[in-house]
Amino acid sequence: MTQKEFQHIVHTIPHEPGIYKYFDSKKELLYVGKAKNLRKRVSSYFVKTFTTYKTHELVQRIQSIEFTIVNSEQDAFLLENFEEGLLA
């Protein structure tokens, strides 16, 4: 997903705590992360210069983003761990 493509969807991402999931073009789960502010955290992947090749490649492979809103950062942490277990 390019920065320009991301700008078309950024307004749909809430400012609440939760988890975000990145999927590739085959709808395979690439990554699960948590955030106190989903929009701020997800946006950070698309507005900065990457210091690692791994992060750069991840962003290049993202085709869709899903998120789940939760009540607190602690709930996001628990849900992230559960979802990561499914990824393994």
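Modeller: Start with helix α2, residues 38–47, which lies across β1, β2 and β3. Helix α2 runs at about 30° to β1. Keep in mind that this is a predicted model.

Biologist: In what order do the strands sit in the sheet?
Modeller: The order is β2-β1-β3. The sheet is open, with 3 strands and antiparallel pairing.

Biologist: Which are the edge strands?
Modeller: β2 and β3 (64–69), since each pairs on one side only. From one strand to the next, the twist averages 20°.

Biologist: How many bridges join β1 to β3?
Modeller: There are 6, and the two strands run antiparallel. Take Lys21: its bridge partner in β3 is Glu66.

Biologist: What else does Lys21 meet?
Modeller: Glu83 touches Lys21, along with Ile19 and Val32, leaving aside residues up to four places away in sequence.

Biologist: Where is Glu83?
Modeller: Glu83 is in helix α4, residues 73–87.

Biologist: Is Glu83 buried or exposed?
Modeller: Buried, because its relative accessible area is 13%, and the cut-off for buried is under 20%.

Biologist: New topic. Where does Lys27 lie?
Modeller: Lys27 is in the loop between β1 (18–23) and β2 (29–35). Its phi is positive, about 65°, although Lys27 is not a glycine.

Terms used. Residues numbered from 1 in each chain as written. Predicted model: local features only at pLDDT ≥ 70, side-chain atom pairs only at ≥ 80, totals over all residues. Heavy atoms only, no water. Helix = DSSP H or I, 4+ residues; strand = E, 2+ residues; numbered from the N terminus. Buried < 20%, exposed > 50% of the residue type's maximum accessible area, 1.4 Å probe, protein only. Contact = heavy atoms within 4.5 Å. Pairing = 2+ DSSP bridges. Axes fitted to C-alpha atoms, helices over the stretch in contact; angles between N-to-C directions.
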